[in-house]
Every structure is written in structure tokens, then in C-alpha cells.
Amino acid sequence: MLATGIVGAVEDPWIRWSWISGHADVITAALIQHIQLTLIAVVVGLAIAVPLGLVAWRSRLFRGPIFSLTGILYTIPSLALFAFLLPFTGLTILTAEIGLVGYTLLILVRNIVVGLNAVPDEVREAARGMGFRPVAELARVDIPLAIPAIIAGVRIATVTTIGLVTVTALIGEGGLGSLIYDGLLRDFKTPLVVGTVLSVALAVVADLGLAGAQRVITPWARTRVTP
Amino acid sequence: MSFIGQVVQWFLDPAHWQGDAGILHRTYEHVLMSGLSVLTAAVIALPVGIAIGHFGRGGILAINVSNIGRAVPSFAVLVIAVQLFGIGALPAFIALVALAIPPMVTNSYIGMREVDADVREAARGMGMRERAVLLRVELPIALPLIMAGIRTSAVNVVATATLAALVAWGGLGRFIVDGLGLQDYPMLFAGAVLVALLSLIVEFSLAGVQRLSTPAGLRSAKSSQKEDLSGTALDTAAVAA
């Protein structure tokens, strides 16, 4: 393409501001797609992980299999996971999302179980003594006390997903990863730098935002360091 | 023929196993590249993490380095390395080393910090010198978490080495990347099988090494607890941060 011609003639700088101002719409679209892909993955991941985490917490029988299965999903490299799905689901957003959701599960389930396990027995006993039934105890005592650990899991899952979304550029999605991929294919540094910087910035903003959200939701946990 | 049948056919073709582009050579490349990267990273990262943990200064740095590492996409690190060092094996190696360092620094730091102050005190009370306290007390106790960091890094590195096929390097990722390019789905799928298998083998064997690295004296009392901890080492760090 045009950029390659320029590269051949002149040294390609790390940033070409003219490219950025000329492609503001492309950059914005990539950023929005990145946020969408991440949000869907984390929300769907959480919707699956909460019941899985509750089962793993309550039942010794299912704990092993749940951790093994989510562990295997987490261990398989993202590119391989996408390659497994591609022959069946094609170059679609579904392929990307199944892979991304698969990655969040281990992190989320593990933190849910760790959080619930950390609820002191005395607290639980007190709740029972106050006449809480099992469901009320779960909803109003166990889960609220596990929130800091659960949100810590959501933070890690979100930051990890934001990084992994870039890989989906290879299967036709990618968000900001499509800019990074573009930089590789055309040997042109500006989109690479823009994609990387925005991706890191997005991860930092999401992480800080979630940390802030946790402080607001769980005011009692502010002075404690770990749950 | 069914799709899975085509994949099986692909594996049965002897031509796919031989030569420089065959499964055996690609696996060898992948393992060699990953192993060298993890080793190099360990030589750099472990002394740093252990020193920070031992002297107790710079802990915030040790914890945050892996949070930052997580935020930088490995794909971007790889492409940046290409811009700096050209294509081929060198940028892949440098990118993989850079990615392997943060989890090792963080975990070895946490491992050293988790050594009970009383235990350290007792060792000094027994007349051990600083070097002996470090080598014979702190390091053995920290070893399982240090191993957990190496394991996290190794699994990351094997995964990212797959992406390195994009920057004109070999490894098992070639089958996936070429399968994508040629729309050869049986080859793509076969490549995914190979990469997944290698990753799982690395994960499970290092998990075994990690278990074995727990000092005998700590094994019986804390075995179940330790295992939980090692798996969540990074998460614990993130909760604390």
C-alpha cells in the first residue's frame, strides 16, 4: 500500500501525527469494538462463573472437575482456542467471544471460591443465629463479604481480556488489535503505537474504574487490605 | 469425509511429520525457543524478585510489574520487537523474555515475603549468618511460589511463541497461521491440537515440579493450603494491590 512506499523512501517514525488525525474515525471505531468485545466477554464470563463458582464452593464433588476444565481452557493458547472454533463457527464475533469468555472463567471462578471460603465461620453462624435462611444468608452475608475478592477477579479478567482481544485481529475482529496487525502487515509503526498505547490505557482505566467501583460498593472493606 | 476425519488424515500423512516444516521439527523449535526464553528470563528476574523480597525494599515495584505486564498485550510486544529488531527468531526471543520476566519477579518476591518473620528470627537465633538464612531457610520456603512464577511464565511463553509464527518465525504456530492464510482448516485444527497439547504438557509437568519443590517439612502440614496459594499467587497479589 501507500505507506509501504513511504517507508521504503524515508525512515518510518514511531508516530506520524498526520496519519492519526486522518484516521480518527478508524481509531475510534477500533476502540469502540475493543470495549464491546471486552464487555461482552467479561459479562458473559461472569454470568457463567457465578453459578459455577457457587457449585464449586458448595460441592466437593464438582470442585475438581470445574477447576480442571476451566484450567484447561485457560492454559490453551488463545490462538489455538480460536483455531479450534474456526472450522465450526467461522470468522465471526462468536468465535472470538467463545474464546475470550473461556479465558475469563478460571480467573473468575477461582476468585469467587476464594472469596466465599474466606467468609469467617463465626459470621455465618451469627447470621444463622439471627434467623437467616440459607438463600438469604448467601445473598446477604456470603456474597457481599466475597465481593472484594470477586471484583479483584473481575479486574484481572478484564485486563487479561483487553490484552487478548488484540489477538482476535487474526480472525477478523481485533478492536485495537486490528491497528497493531495493520502495523505489522504494512511495516508501519504509527498504527502499532496507537493500538498498543490505547490498549494499555484502556486496561489501566478499566482496572482503576473497577477498583473505584469496589470501594463504593463495599465501604466496610476499605481499611482492610485482603479479604 | 467429516471434518474430524480430514484432521486425522492430516496427522496420518507422513509428509507432515518430516523435514524442516514437519511436526517434529516445529515442535523442537517451539520447545527450544520457549525453554531458552524462560531460562533467560529466570536468570534476570529471579535474582531481582528474591533480592527485593529479602531486603524488603521496592515491594510496590515487584507487585506492580506483573500488573503492568498483564496490561500490555503480548501481541503488541511481539510486533514492537519486530519493529526494533527485524523479523525472525531474534524479535520473538526478545519479546518472549520480556513477557516472562514480570510473573517471575512478582512471585519470587511474594514467596520471600511470605516467609514467617519468626522463622527468620529463629534461624538467626540458632546462629545462622545472613547468607545461611537466605540459602537454607528463606529460599527453600519460598521455592514453591518461585516455581509457580516460572510455571505461569512458561505457559505464557509457550502460548505467545505460537503468535511468533506471525513474525516469520517457525514453531507450532506456523500450522495455525498458515492454515488461516491458506484457509486449510484441517491443518489449522491440527496445529491447534499440537499447540494445546504442548501447553497442557508444560502446565501439568511444571505443576508436578512445583509440588515436588515444596520442602518435606512443609508438605504434610500445609500441602492443601499451599496448593491453593500457588494457584492464586498472582491473584492474591492483585487483591492486595
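A:Val154 sits in helix α8 of chain A. The model around this residue is predicted. A:Val154 and A:Thr218 are 64 residues apart in sequence. In space, their C-alpha atoms are 15 Å apart.

Helix α8 of chain A covers residues 134-165, and helix α6 of chain A covers residues 93-117. The axes of these two helices come within 8 Å. They cross at roughly 160 degrees. Angles over 145 degrees count as roughly antiparallel, and that is why α6(A) is described as roughly antiparallel to α8(A). The crossing of α6(A) past α8(A) is right-handed. What classes of residue make up this contact? There are 16 nonpolar, 6 polar and 2 charged residues in the contact of α6(A) with α8(A).

Stay with α6(A) and turn to another neighbour. Helix α4 of chain A spans residues 60-75. The axes of α4(A) and α6(A) come within 7 Å and cross at roughly 135 degrees. These two helices are therefore oblique to each other. α4(A) passes α6(A) in a left-handed crossing. Which residues make the contact? From α4(A) come A:Ile66, A:Thr70, A:Gly71, A:Leu73 and A:Tyr74. From α6(A) come A:Gly102, A:Tyr103, A:Leu105, A:Leu106 and A:Val109. By class, the contact of α4(A) with α6(A) has 7 nonpolar residues, 3 polar residues and no charged ones.

How confident is the predictor about chain A? The average pLDDT of chain A is 89, and 93% of its residues score at least 70. Among the elements of chain A, helix α3 (residues 24-58) has the highest mean pLDDT, 95. Helix α1 (residues 2-9) has the lowest, 46. Over residues 1-9 of chain A, pLDDT stays under 50. For that stretch, the model has 8 contacts beyond four places in sequence. Where pLDDT is low, the predicted coordinates should not be read in detail.

Now move to chain B. Chain B has 11 helices and 0 strands. Its C-alpha trace spans about 70 × 40 × 30 Å along the principal axes. Of the 241 residues in chain B, 50% are buried. Consider the contacts in chain B between residues at least 6 apart in sequence. Of these, 73% join residues at least 24 apart.

How many residues are in contact across the two chains? On chain B there are 38, and they meet 40 residues of chain A. Several helices of chain B give two or more residues to this side: α3 (59-71), α4 (74-85), α7 (130-163), α8 (173-182), α9 (185-212) and α11 (233-240). The largest share comes from α9(B), with 10 residues. By class, the side of chain B that touches chain A has 26 nonpolar, 9 polar and 3 charged residues.

Notes: Residues are numbered from 1 along each chain as its sequence is written. Chains are lettered from A and ligands numbered from 1 in the order in which they are written. This is a predicted model: local features need pLDDT of at least 70, side-chain atom pairs count only at pLDDT 80 or more; totals for chains, interfaces and linings use all residues. pLDDT is the predictor's confidence in each residue, from 0 to 100. Helices (H or I, at least four residues) and strands (E, at least two) are DSSP runs, numbered from the N terminus. Two residues are in contact if their C-beta atoms, placed from the backbone, lie within 7 Å. Axes are lines fitted to C-alpha atoms, for helices over the stretch in contact, and angles run from 0 to 180 degrees between N-to-C directions. Angles under 35 degrees count as roughly parallel, over 145 as roughly antiparallel, 65 to 115 as roughly perpendicular and the rest as oblique. A crossing is left-handed if the near helix is turned anticlockwise from the far one by less than a right angle, and right-handed if clockwise. Ala, Val, Leu, Ile, Met, Phe, Trp, Tyr, Cys and Pro count as nonpolar, Asp, Glu, Lys and Arg as charged, and the others, Gly among them, as polar. A residue is buried if 20 or more other C-beta atoms lie within 10 Å of its own, exposed if 12 or fewer, and partly exposed in between; C-beta atoms are placed from the backbone.
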